[in-house]
Amino acid sequence: MSDSQVVGQLFMGAAQIPTTTDADMTVLRRYQVGSVILMGRSQVGVWRTRGLTDRLQSLRQTDRAGSVGLLVSADQEGGQVQTLKGPGFSAIPEALAQGRWTASELQTHATQWAAELRTAGVNLNLAPVADVVPPEIGTGNGPIGRYGRQFGYSADVVARQTTAYVKGFRKSGVLTTLKHFPGLGRVSGNTDTTANVTDTTLTRYDRDVRAFGSGIAAGAAFVMVSSATYTRIDPKRQAVFSPTVLNGMLRQDLGFRGVIVSDDLGKAVAVRSVPPAQRALRFIRAGGDMVLTADTADIPAMVGAVRDAVRHDPALRARALDSARRVLTAKQAAGVLRCDG
């Protein structure tokens with residue numbers, strides 16, 4: 001791969017559903033963006049969604065050695081956070097309801113939900129939520145508890161159901177993403193809509209953090225990092241820009257070898273004070289692998305900044321190559337990487 005192709009693998013741009021714009025397709029193609037998140041809400045069902053994902057896969061990189069397709073992702077958690085609905089898609093209950101099932105029941109349902117996504121051409125689910133919301137906070141937790149996105153109110157329940165969910169998706173060949181590391185269960189503000197979201201109680205070796213370890217052990221390919229600040233872990237940096245969180249906690253403590261993806265670095269209010277180019281650079285320099293932006297208009301500045309930095313910084317280039325290899329390994333598992341040589 002050229003340096004431009006390598007850098008493109010480190011980005012996830014946005015495509016609107018049920019139909020994306022020609023302008024977004026042009027940006028994704030021009031900057032060789034390797035992954036896409038389906039944004040919005042759709043009721044058109046499996047087969048019309050497949051028409052869009054097939055169009056996105058036309059952006060795959062092909063040469064004599066083989067081809068590299070796209071990871072196409074969606075937020076298909078259930079309840080109020082289910083991007084794709086309509087004919088062929090199950091009506092998925094909120095995670096709190098899923099948490100009341102046995103692990104075996106959840107795994108069976110997850111296998112079915114994953115099969116639906118795979119038929120629709122979605123090979124990466126941005127789920128499950130592995131955050132633990134304490135019962136005394138409950139719906140006072142803006143990003144998770146308010147919408148019933150958690151499996152339960154204890155690390156044991158969340159770990160058990162996270163494991164079952166990941167195993168079910170693996171059975172149908174769809175990748176999963178644990179979010180939002182190291183946990184958004186104790187905050188009040190939602191990082192999508194609020195600046196300076198802070199957790200003052202979570203620690204590096206907290207029991208709630210270990211709920212993510214269960215999902216990693218079960219085979220989750222991605223972990224999404226939150227943009228909150230954790231004062232007892234790294235008080236000076238948001239988690240998404242923190243080497244302590246990305247390298248120390250995820251890589252060293254939990255032994256994660258997959259893809260570290262950011263929470264939204266495009267439209268989220270939590271990162272608005274940082275220019276888009278710097279958001280991408282800070283995340284990758286801190287140890288992140290894939291920059292997710294819900295605003296494809298940010299792609300030129302973000303990709304351009306990383307391309308320039310990679311050309312002038314050998315250490316960053318080596319890090320980018322490592323990240324691209326992780327992404328390509330995930331693509332091989334998803335069945336969109338083909339080698340003919």
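On a 1 Å grid over the protein atoms alone, a pocket is an open set of points where a 1.4 Å probe fits, with protein on both sides within 12 Å along at least five of seven lines, and its lining residues have an atom within 4 Å of a point. Grid points are joined across faces, edges and corners, and a volume is the space filled by probe spheres set on the points.

This is a predicted model, in which local features need pLDDT of at least 70 and side-chain atom pairs count only at pLDDT 80 or more, while totals for chains, interfaces and linings use all residues. Residues are numbered from 1 along each chain as its sequence is written, and side-chain values use heavy atoms, with hydrogens and water left out.

Begin with the largest pocket, whose volume is about 690 Å³. Select Asp 75, Arg 149, Asn 190, Asp 192 and Asp 263, which are the closest to its centre among the 30 residues that line it. Next, colour strands E2 (35-39) and E9 (175-181), each of which supplies at least two residues of this lining; strands are DSSP runs of E with at least two residues, numbered from the N terminus. The largest share, three residues, comes from E2.

Then move to the second largest pocket, with a volume of about 240 Å³. Of its 14 lining residues, select Leu 175, Gly 219, Ala 221, Ala 330 and Ala 333, which lie nearest its centre. E9 and helix H11 (314-334) each give two or more residues to this lining, a helix being a DSSP run of H or I with at least four residues. H11 gives the most, with four residues.
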